[in-house]
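Trainee: Could we go through this model together, one chain at a time, and settle what can be said about each part?

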Amino acid sequence: MSHAAAARSFPLTSDENVAMNRDTYRNAHLIDTSPQAVEPFDKEWGVGISGNTPSPSPFGRINAILAATPKTTNGFVAPDAAELVTQAYMEHPGEPAVARRAYAVEKILDRGPIRIFPHELIVGCLCCDRKGAPVFPEFGFNWVVDEMRDGLMDYSEKRTHDYFSYTADTQARLERLRGFWDGRTVEDMTNAMVDDDIAKGSHAGKGVFFADAYIFCGAGHLGLEYDRLLALGLGGIRGAIEEGLSGLSLSKPEDIEKRVFYRAALIVSRAATRHILRYAELADGMAADEADAARAAELRVMADTCRWISEGAPRSFREAIQLVSLATTMVHIECNGHSLSYGRFDQYMYPFYRRDIETGAATRESMQELIENFYIKIWDLNKLRNHVLIRTFGNGGIGGPCLTLGGIKKDGCDGTNDLTFMALDAHAHVRLPCPWLAVRLHAGTPWELKIKTANLIRMGTGEPKIFNDDVTIPSMLSSGVEPADARDYQVVGCVEPDPSGKAYGWKDCGHMNIARVLELAINDGRCYSCGPGCPRWESCGAVGGRLGLATGSLADFDSFDQVLDAYDRQMEYWCDRQVAFLNAVDLAHQELYPLPLLSTFMDGCLESGRDVTAGGAKYNFTGPQGVGIGTAGDGLATIKQLVFDEKRVSGRELLDAVTADWEGYEPLYAYVNSDRVHHYGNDDDYADSLAKFAMDTWCKHIERRPNARGGFFQPGAYSVTVNVAHGQNQWASVEGRKAFEPVSDCMGAVHTKRGSHDVKGPTAICRSVTKLDHARATNGTLLNWKFSPGALAGETGRDNFIALMDEYIHRKGMHSQFTVANQETLIAAQGDPDAYRDLLVRVAGYSAYFVELDRALQDDIIGRTSLSFD
Amino acid sequence: MAGIIVNIQRFSVHDGPGIRTEIFFKGCPLRCIWCDNPESIDPRPQLGVYPARCVGRDRCGICERACPLDECPLDYAGGRVSGARRGLCEPGCLACAEACPASALTRWGRDMRVDELLEAVLPDRGFYMKSGGGVTLSGGEVMLQWEFAAELLAACKDSRIHTCVESALCCGWEAARSVFAHADMVISDIKHMDSGRHREITGAGNEPILENLIRTVEAGKPLVLRIPVVAGYNNSEENIRATGAFVRDRLRNSILQLQLLPYRRLGVEKYESLGQAYPMEGFKAPERAAWEEDLLRLAGVLREYGVPAVAGSNVKIRR
């Protein structure tokens with residue numbers, strides 16, 4: 001038995017592995033050279049049990065709060081913010097947008113209703129109830145009142161999940177605002193900027209690409225610069241604003257613009273301080289009325305905490321976590337974006353943790369309890385989404401409030417510490433869909449952290465996802481991110497690596513169905529389903545037109561190179577249009593929706609005197625994703641093998657077969673779906689190289705395109721859940737999809753109704769997927785793995801799983817997420833949702849309550865290849 | 001040199017330590033009634049028929065056209081292929097399986113050379129190294145093709161790959177010795193201690209098996225033993241105690257682990273595809289809770305004898 005093992009109070013599960021990993025382990029900066037969390041590092045919570053456990057936390061308070069926590073995304077719509085914003089806009093009609101925005105945010109922070117909920121130790125809310133949703137009229141207001149009027153917001157057959165409740169009073173108050181926002185929203189301005197040539201292939205047209213994510217809501221997808229926030233406090237940040245203001249010249253025109261920005265920043269920064277003081281007063285007031293002396297004392301501590309952090313830099317773990325929570329919540333109040341992420345929690349909180357442990361100011365247990373309360377506060381946040389968006393983004397809430405753990409520090413050393421373990425335990429103790437957790441792994445990750453991560457994943461709630469420093473950091477460097485910033489990356493939202501607090505990255509702003517691009521490439525720019533049924537028929541097909549670029553027909557090609565060339569040119573054509581659309585939306589944000597409060601929390605804005613929407617952040621990116629890599633890759637492989645190598649069918653026949661949705665071509669349909677055809681995901685270079693071509697071509701035409709903020713575009717290679725929506729927009733395809741089936745998800749292989757195209761198991765998948773160039777997808781990649789619980793059971797299941805991930809890391813895969821659930825469990829949950837309310841699953845990018853998902857998405861998850869180790 | 005191989009399974013994690021590639025040999029001298037790999041018993045290539053995958057005789061009919069005989073021995077029901085009168089086929093033909101576009105007709109068994117198998121094994125070397133895994137030869141019975149197995153294992157060892165052989169050891173010692181020369185680990189099983197009963201459920205007595213186990217241990221080969229525990233067949237405490245006594249007295253407990261594995265109703269679809277009846281058709285397997293308890297109890301009994309017994313195959317093998 002090794003020395004460290006002997007010193008521990010709990011049994012080690014595998015001495016030989018400890019010994020084997022000694023060298024890397026010594027590099028870990030762990031207190032007492034071993035993780036001292038509340039739970040042992042190898043604590044197991046069961047395999048595949050997901051959230052189905054009453055009272056999961058060791059803390060009574062947390063269980064009491066959880067008992068009153070809604071396990072759905074549904075809450076009440078709150079009209080207050082919309083009224084206050086409208087009022088502010090009416091009072092300041094002629095001022096620059098950033099000033100108007102500052103007045104609006106100030107009004108909500110000063111006058112929005114605030115509450116402190118039973119048992120909680122950390123305060124903050126979106127000026128409404130838990131899971132309530134404020135209304136942000138600036139992006140589009142009419143849909144809110146229209147949906148209420150038309151019965152599309154509350155529960156109905158048309159909206160069976162992610163619905164919202166509202167009172168008659170709320171509806172009446174919002175109806176009174178109708179009309180004011182006409183012609184003033186981001187949606188209105190975007191529509192004015194794009195013509196039919198740009199819009200024809202978009203969500204508003206034939207759905208080759210989507211660019212609508214930020215028309216109806218803010219961009220979000222970033223983290224605050226928590227390091228600086230915690231170092232300076234709100235008062236210190238205000239000092240930086242004042243400094244910027246005092247350094248301006250009176251007469252330079254650009255300085256007049258900056259003055260407007262700094263003044264707006266001062267307005268919201270002061271309002272933020274007052275907002276926190278309101279909580280101090282509320283807590284004091286509640287303490288005075290509280291019969292329970294212990295609770296009254298807690299409330300007074302909460303009041304003191306708020307009073308101090310309203311200005312001062314935090315001095316303790318409690319003050320720091322309260323400031324992180326409130327600052328982020330206030331940014332949510334300002335900005336309608338989702339996936340605001342919490343940065344490298346274990347890194348920026350560690351100095352406070354360590355100080356409190358060393359001085360004895362707090363115990364590990366008390367800090368563990370605060371982290372768990374903090375997680376519940378994150379889950380309580382919610383955003384209103386329309387009935388169209390929720391179809392593909394089920395159980396969305398505020399999107400992906402990701403919290404990043406582990407990984408390399410700015411100085412290149414491993415950063416694993418006690419908080420890494422505590423933050424992971426906290427998820428097992430609350431088992432809520434938020435925050436999403438990302439564990440950064442690399443060649444030097446301590447073995448103990450891999451065990452902790454594996455045990456959490458095996459539980460089956462879908463958390464955490466794992467990211468690979470060894471590919472992500474070089475990928476960021478290739479985008480011009482400075483080395484220290486690249487090492488300090490966080491994961492935002494579902495998938496995207498991001499320099500914490502330094503980038504306005506417009507992550508996940510749109511996506512391109514590259515499988516649809518292949519359709520247009522080999523069919524001379526026309527849709528397979530071209531005909532009078534199409535709404536564009538009269539102005540397009542009927543008059544000899546076509547949707548895309550005329551790149552020739554597979555019926556006429558006499559070499560496979562012509563196919564590749566057609567795909568390349570077709571891709572460029574669509575990327576031109578997607579970039580145009582996204583830049584238009586971006587310009588509308590700049591014009592209408594500056595974010596002065598967020599700007600005070602981002603690196604670069606106070607230095608440059610520019611709002612974050614106007615390119616004030618240190619880095620500015622725009623990140624759309626390529627969707628359907630497997631489908632496009634298998635499509636190319638099918639064409640190459642069947643038409644050009646085997647000459648089994650002619651190009652004409654293959655086109656006829658898909659146009660007929662395979663009706664009458666059953667043997668061919670079976671054949672293209674069989675293992676006789678080269679398919680991506682089987683460690684088969686023939687197919688894998690074509691999937692790589694499909695992805696590289698997408699990257700080539702998107703990467704480095706200039707965006708509207710002085711930065712550039714970054715390609716992503718994932719779908720999250722939009723592979724379902726893109727499939728619903730697409731006719732059959734040559735690799736064996738029938739019309740409207742989902743296209744392949746993220747970096748995964750093709751699954752059609754006829755069967756999965758990957759048949760050789762996880763090592764083959766790992767090798768196929770890592771033949772793609774993950775580092776080139778600077779906006780992120782994702783591979784979804786699905787395991788049956790039996791596959792991961794026991795010590796061998798755990799260690800083989802870790803070895804599989806180690807090899808994925810070694811082979812430069814960027815990012816993995818995991819579903820651990822029985823097919824039978826998922827099917828049973830579809831049949832009896834009420835019995836499975838707590839069944840958390842990994843969707844793709846995020847975890848969600850399975851029964852809260854759209855049926856098509858549920859089916860897609862059930863259809864993913866289940867990797868059994870048996 | 002070529003052997004007949006029925007399947008290559010990557011990411012096999014229950015037959016030997018770590019992540020492994022498992023190569024299933026075709027042909028077996030035993031006829032265990034619970035066998036879940038019936039396609040590996042006959043040493044010749046065989047036709048598998050999967051009616052559910054058939055796209056229809058009228059729409060397709062490629063199988064009939066591929067048949068070299070005047071009267072195709074395939075049977076059809078409801079417009080789909082449903083079976084085959086295999087006795088009428090030309091030996092080793094399988095032209096229909098080669099032609100079928102829908103995998104409704106499949107070929108079980110293919111001659112493969114050592115270099116072809118090595119090519120299938122090498123890509124996962126990174127996984128073997130990360131997990132302490134390697135290659136496992138299984139079957140069927142590896143020892144029926146012992147010369148080929150020895151050559152294949154030697155090639156794996158040349159590539160620094162950990163090797164494991166899973167065998168019933170119902171074979172001559174010469175075959176076992178030749179194969180073991182290149183094997184880092186041996187997995188075998190004791191199905192019953194009573195030779196008569198052993199013959200009833202496997203078709204052969206257990207004397208050569210027990211003798212080979214003793215020799216394996218004497219040769220110093222790391223050995224993992226298994227008992228496939230089947231209620232009513234071999235799960236009596238008497239039989240388990242006899243096994244424990246044998247492992248203690250004759251094998252001196254010099255084994256790495258003894259795994260008690262549950263019976264599972266697997267392979268039924270494969271029997272159907274071969275046109276064979278499932279031998280345990282009437283058998284009613286106990287509920288999971290009952291067999292889990294049974295395995296844990298019997299492992300306890302074996303540990304009384306000092307046998308390193310565990311329930312299931314999820315407990316790490318300490319080397």
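Trainee: How many helices and strands does the secondary structure of chain A come to?

Mentor: This is a predicted model, in which local features need pLDDT of at least 70 and side-chain atom pairs count only at pLDDT 80 or more, while totals for chains, interfaces and linings use all residues. Residues are numbered from 1 along each chain as its sequence is written, with chains lettered from A and ligands numbered from 1 in the order in which they are written. Helices (H or I, at least four residues) and strands (E, at least two) are DSSP runs, numbered from the N terminus. On that basis chain A comes to 36 helices and 18 strands.

Trainee: What is the radius of gyration of chain A?

Mentor: The radius of gyration is taken over C-alpha atoms, and the globule rule is 2.2 Å times the number of residues to the power 0.38. For 870 residues the rule gives 29 Å, and the value for chain A is close to it, so chain A is as compact as a globular protein of that length. Along the principal axes its C-alpha atoms fill a box of roughly 80 × 75 × 55 Å. The radius of gyration of chain A is 27 Å.

Trainee: What percentage of the residues of chain A count as buried?

Mentor: A residue is buried if 20 or more other C-beta atoms lie within 10 Å of its own, exposed if 12 or fewer, and partly exposed in between, with C-beta atoms placed from the backbone. Of the 870 residues of chain A, the share that counts as buried is 61%.

Trainee: Are H6(A) and H12(A) roughly parallel or roughly antiparallel?

Mentor: Axes are lines fitted to C-alpha atoms, for helices over the stretch in contact, and angles run from 0 to 180 degrees between N-to-C directions. Helix H6 (residues 97-111) and helix H12 (residues 253-289) of chain A pack at about 5 degrees, with their axes 9 Å apart. Angles under 35 degrees count as roughly parallel, over 145 as roughly antiparallel, 65 to 115 as roughly perpendicular and the rest as oblique. That makes H6(A) and H12(A) roughly parallel.

Trainee: How many helices and strands are there in chain B?

Mentor: The C-alpha trace of chain B spans about 65 × 45 × 35 Å along its principal axes, and buried residues make up 46% of its 319 residues. Its secondary structure holds 11 helices and 13 strands.

Trainee: In which sense do S1(B) and S7(B) pair?

Mentor: The bridge partner of Ile4(B) in S7(B) is Asp111(B). S1(B) and S7(B) pair over four bridges, and the sense is antiparallel.

Trainee: Which element supplies the largest share of the side of chain B that touches chain A?

Mentor: Two residues are in contact if their C-beta atoms, placed from the backbone, lie within 7 Å, and 24 residues of chain B are in contact with 27 residues of chain A. Strand S1 (2-12) and helix H4 (125-131) of chain B each supply at least two residues of that side of chain B. The largest share, four residues, comes from H4(B).

Conventions:
Pairing = 2+ DSSP bridges.
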